[in-house]
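Subject: Structure handover

Hello,

Here is the structure I promised to pass on. Please open it first, then read the notes below.

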Amino acid sequence: MAIKAGRENARLCKSARVGSVAGMSLRVILIAAQSLDGRITFHDVKGATFASAADRQYFREVLRGFDCSVMGGETFRVSEKAIRGRKDDGRLQIIMTRRSGATDPWGSVSGVLEFSRESPEKIIAGLKARGKKRCALLGGGQIYGAFLAAGVVDEVWLTVEPRIFGAGVPLTTQAVDVKLALLDCERLSSDTLLLKYKVT
Ligand SMILES: NC(=O)c1ccc[n+]([C@@H]2O[C@H](COP(=O)([O-])OP(=O)(O)OC[C@H]3O[C@@H](n4cnc5c(N)ncnc54)[C@H](OP(=O)(O)O)[C@@H]3O)[C@@H](O)[C@H]2O)c1
């Protein structure tokens with residue numbers, strides 16, 4: 001039997017563990033698109049150029065549900081124009097950088113686009129202190145790895161594209177051992193899966 005695609009009717013599985021994060025303290029959700037073999041870039045091409053149209057649409061929509069986000073300096077540099085263009089959506093964007101001389105190498109806007117060299121734990125503590133409720137962790141591999149290693153990620157929302165690369169930036173650039181429980185999975189299109197996991 002063919003399984004229908006489309007975001008409304010394409011849920012493949014759903015468990016009772018799915019819950020609302022509304023009203024809770026800050027939730028940190030890792031959002032990534034990867035190849036079937038766990039690469040977030042196609043070989044050495046910068047950016048998520050391999051992501052399908054369905055994932056791009058999902059990504060645009062899902063970001064609206066977050067009041068803050070964190071990404072690494074490399075991801076910022078790759079997509080700087082688009083990221084600066086999102087200034088009006090009300091989401092605080094924090095860019096992690098170790099660039100010497102300043103925490104503001106590209107021009108910050110307080111409460112909108114900020115640069116930080118603090119640890120994941122301190123960044124999350126700071127966001128909590130500012131009353132933020134939902135943080136989208138937007139990569140890349142160094143930042144995903146650092147936050148997973150620090151144990152501050154609550155959920156992983158992974159788009160799996162039907163591609164195998166054998167090379168490229170991995171989902172995490174450092175060794176971790178994170179155990180997950182599947183919350184939900186759905187088809188974004190006929191070949192692209194969205195998997196949602198809770199960190200246990
Ligand atoms: N497919 C996807 O969903 C997806 C998602 C995100 C990104 N990407 C792609 O992944 C690639 C980037 O991944 P990446 O792993 O190379 O880089 P990254 O994680 O985006 O950024 C690494 C940079 O973050 C900063 N950084 C890292 N750890 C830090 C710490 N503890 N404190 C302060 N700053 C820290 C440093 O910036 P400075 O060099 O400025 O010091 C470092 O060079 C890009 O091509 C991007 O487009 C794909």
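Start with a strand pair: R27 stands opposite R134 in β6. Two strands count as paired if DSSP finds at least two bridges between them. β3 also pairs with β6 in the parallel sense, over 3 bridges. There, S69 stands opposite A136 in β6.

Two notes on the basis. The model is predicted: local features need pLDDT of at least 70, side-chain atom pairs count only at pLDDT 80 or more, and totals for chains, interfaces and linings use all residues. Residues are numbered from 1 along each chain as its sequence is written. As for element names, helices (H or I, at least four residues) and strands (E, at least two) are DSSP runs, numbered from the N terminus.

Next, the ligand. It is surrounded by 27 residues, and the closest are G72, G73, E74, G139 and G140. Two or more residues of the shell come from each of β2 (27-35), β3 (68-72), α2 (73-78) and α5 (141-150). The shell divides into 11 nonpolar, 11 polar and 5 charged residues. Nonpolar means Ala, Val, Leu, Ile, Met, Phe, Trp, Tyr, Cys and Pro; charged means Asp, Glu, Lys and Arg; the others, Gly among them, are polar.

Now the core. The largest nonpolar core has 43 residues. Such a core is a set of buried Ala, Val, Leu, Ile, Met, Phe, Trp, Tyr and Cys residues joined through C-beta atoms within 7 Å. Buried means 20 or more other C-beta atoms within 10 Å of a residue's own, exposed means 12 or fewer, and partly exposed lies in between; C-beta atoms are placed from the backbone. V28, L30, V70, C135, L137 and F147 have the most contacts inside this core. β2 gives the most to it, with 6 residues. Leaving aside neighbours within four places in sequence, F147 is in contact (C-beta atoms, placed from the backbone, within 7 Å) with V28, L30, P120, L137, V152 and V153.

Last, a loop. G151 sits between α5 and β7. G151 is exposed, because it has 11 other C-beta atoms within 10 Å. G151 and V176 are 25 residues apart in sequence and 9.8 Å apart in space, C-alpha to C-alpha.

Best wishes

Terms used
A residue is near a molecule or strand if its C-beta atom, placed from the backbone, lies within 6 Å of it. Two residues are in contact if their C-beta atoms, placed from the backbone, lie within 7 Å.
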